[in-house]
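Please keep the sequence and the model at hand while reading.

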Amino acid sequence: MGTLDRTFRILDALGLFIVTRFPFIELFLLLMATGDQAEKTPLGKITNFRDTFRREFILVYFNAFVFFVCGTGMTLDFKRRQCGFAAAVHAIVYTVITLYQQKGHSEYLIVRISVRTVAVCAGYLFVTGGLTDSERGRTKVTQALQLGRQILAFYLFCNAYMIWASEQDRLAHIKNIPGGVAMIYIVIAIYAIPGICIYGGYEAGYFGRIVSWLLVIITVLVDYNAKYWYRSSAHVEFWCQIQHASRNVCVIGSLLLLARIRHW
């Protein structure tokens, strides 16, 4: 096996690992955000074990339970397809509830969070369609796989448009990525061109790997810079931004999985 083939196999295994284990990351971030919020609320501070059974924590426990079940099912390949579909539905429901509870977000931030949540669902649709099945010979659900691929392409288009149209997003990239304004046009091109090819199914795996490297850079330098987003006009809370940035990790895993099917 050549070095290039070995690298592709490692990237494929990494994509599988990220997508199937991502609910555990969501679970961890949910608990951290809940604890941080409880500490900031004088009446909601937890002083003993009995305080953890208050009514406001019931929804937190429910979401944590769903994250745990979906993550365990996908990790152990036990009802993996069903768990993938449940994870996709729950990701949307969880985001809607979170945005409703945390009022005061700007319209720009709501769009960013919503679009990225849908992109996370693309990876779960790959699981639902059987792309990550360990058993051979099982029929794959082509509709779910195509929808997941098209969602990823839509996400790339949205990223390119938001950098172009949103002054806040454009400023965040200029300040955190070396290269200034010229680099912005390169980033937009790398989003848009692979997005077109992925949507049309032309060498989706190849272009998925290309844009995944861009997302790694953007995620590390821009999204995970929680201090910048807190001090910006958006004033995004620390754990909210960390959760938003972490979802890009799942998107990267989904893009790496695009190479698993040659014929769409």
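## A buried arginine

Arg 81 is buried, with a relative accessible area of 12%, where buried stands for under 20% relative accessible area, exposed for over 50% and partly exposed for values in between (1.4 Å probe, protein chains only). The model is predicted, so local features need pLDDT of at least 70 and side-chain atom pairs count only at pLDDT 80 or more, whereas totals for chains, interfaces and linings use all residues. Residues are numbered from 1 along each chain as its sequence is written, and side-chain values use heavy atoms, with hydrogens and water left out.

Arg 81 belongs to helix 3 (residues 80–101); helices are DSSP runs of H or I with at least four residues, numbered from the N terminus. Its side chain reaches the backbone oxygen of Thr 139 at 2.9 Å. Leaving aside neighbours within four places in sequence, the residues in contact with Arg 81 include Val 127, Thr 128, Asp 133, Arg 138 and Lys 140, contact being heavy atoms within 4.5 Å.

## Nonpolar cores

The largest nonpolar core has 60 residues, of which Tyr 124, Tyr 191, Val 251 and Leu 255 touch the most other members; such a core is a set of buried Ala, Val, Leu, Ile, Met, Phe, Trp, Tyr and Cys residues joined through side-chain atoms within 4.5 Å. Helix 4 (residues 107–128) gives the most to this core, with 12 residues. Apart from it lies another core, of 6 residues, including Leu 27, Val 60, Ala 64 and Tyr 94.

Once neighbours within four places in sequence are left aside, Tyr 191 is in contact with Leu 156, Asn 159, Ala 160, Ile 163, Val 211, Leu 214, Leu 215 and Ile 218.

## Cavities

The structure holds 3 cavities of 30 Å³ or more, a cavity being a set of points on a 1 Å grid over the protein atoms alone where a 1.4 Å probe fits but cannot get out, with lining residues having an atom within 4 Å of a point. A volume is the space filled by probe spheres set on the points, which are joined across faces, edges and corners. The largest cavity contains about 150 Å³ of space, and of its 14 lining residues Arg 112, Arg 116, Tyr 155, Asn 159 and Asp 169 lie nearest its centre. Helix 5 gives the most to this lining, with 4 residues.

The second largest cavity has a volume of about 90 Å³, and among the residues that line it are Thr 95, His 105, Cys 240 and Arg 247. Helix 10 provides the largest share of that lining, 4 residues.

Technical notes: Helices (H or I, at least four residues) and strands (E, at least two) are DSSP runs, numbered from the N terminus. A polar contact is a pair of N or O atoms within 3.5 Å; within protein, one must be able to donate a hydrogen and the other to accept it, and residues adjacent in sequence count only if both atoms are side-chain atoms. On a 1 Å grid over the protein atoms alone, a cavity is a set of points where a 1.4 Å probe fits but cannot get out, and a pocket is an open set with protein on both sides within 12 Å along at least five of seven lines; lining residues have an atom within 4 Å of a point.
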